Amino acid sequence: MSWLARSLSSSLGSKATVAVTGLALLGFVLVHMLGNLQIFLGQEAINAYAAKLKSLPGPLWVARLGLLGLAFVHVVTAIRLAARSKAARPVTYVANGSVQKTVSARSMVITGLLILAFAVYHLAHFTWGVILTDTHQLMDAAGRPDVFSMMVLGFQQPLIAGSYIAAMLILALHIRHGTGSFFQTLGARPPRFAPIIEKTALGLAWIILIGNVSMPLAVLAGVISLPPGVGR
């Protein structure tokens, strides 16, 4: 255990920890997005999906706590790495490449903290029912929580929709940088594969951005609307 603790606390071990936890969180982001995209299939599809998840409280809470732990380790380790790097190099870089690298690392910490703050806001909105409390109490014809209407009523508010769109832009930027860093940390970024990795990172960021932003934009544009009988 002491060997494991020393390995994780080392610079290389910390970078590997950030990379692996980041990959796990990226997997959750993709799965979560695919689940939410069922809003385009209609009220029945996404409400049935949400009810299925709610019928598995044990695994659901294990997943939630596991994700919370991963996020905590990911953010704290990244902050420690940034602080250690800054302390080791107190003198401002002169070379352009080093300056760009420093700016990129700093932006990763900032975007990571912003994403963490948004995750709390997201939970307050859709899980805890703190935001737009009345929509959290809606039920569909089958007696299930009406997640479809809750999402639509939320995204009909320009301020809420705008906050989600802004958060997804930040998330895409974080993923764009993080994916490239993941391969570099694990030593799997030889020069000849660098262009492919960069294009993959960019493509993945675009997929997540378009997928997540499409939902509030579709509601604002009226492509997705409330079912009959639901409203304020």
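**Close-up views of aromatic and nonpolar side chains**

**View 1. Trp128 and its nonpolar surface patch.** Trp128 is placed in the loop between α5 (96-126) and α6 (133-136), helices being DSSP runs of H or I with at least four residues, numbered from the N terminus. The model is predicted, so that local features need pLDDT of at least 70 and side-chain atom pairs count only at pLDDT 80 or more, while totals for chains, interfaces and linings use all residues. Residues are numbered from 1 along each chain as its sequence is written, and side-chain values use heavy atoms, without hydrogens and water. Together with Val120, Leu123 and Val130, Trp128 forms a nonpolar patch on the surface with about 380 Å² of accessible area (Shrake-Rupley method, 1.4 Å probe; patch residues have over 30% relative accessible area and no salt bridge, with nonpolar side chains joined within 5 Å and like charges within 9 Å; a salt bridge places a Lys or Arg side-chain nitrogen within 4 Å of an Asp or Glu carboxyl oxygen).

**View 2. The aromatic cluster of Phe118, Tyr121, Phe126, Phe155 and Tyr164.** Six aromatic pairs are counted, where ring centres lie within 6.5 Å and planes under 30 degrees apart are stacked, over 60 edge-to-face and the rest tilted. Tyr121 and Tyr164 form a tilted pair, 5.9 Å centre to centre with 55 degrees between the planes, which links helix α5 to helix α8 (residues 158-185) across 43 residues. Tyr164 is buried at 6% relative accessibility, whereas Tyr121 is partly exposed at 26% (buried, under 20%; exposed, over 50%; partly exposed, in between). Phe155 and Tyr164 pair edge-to-face, at 5.1 Å and 85 degrees.

Definitions and conventions
Helix = DSSP H or I, 4+ residues; strand = E, 2+ residues; numbered from the N terminus. Buried < 20%, exposed > 50% of the residue type's maximum accessible area, 1.4 Å probe, protein only.
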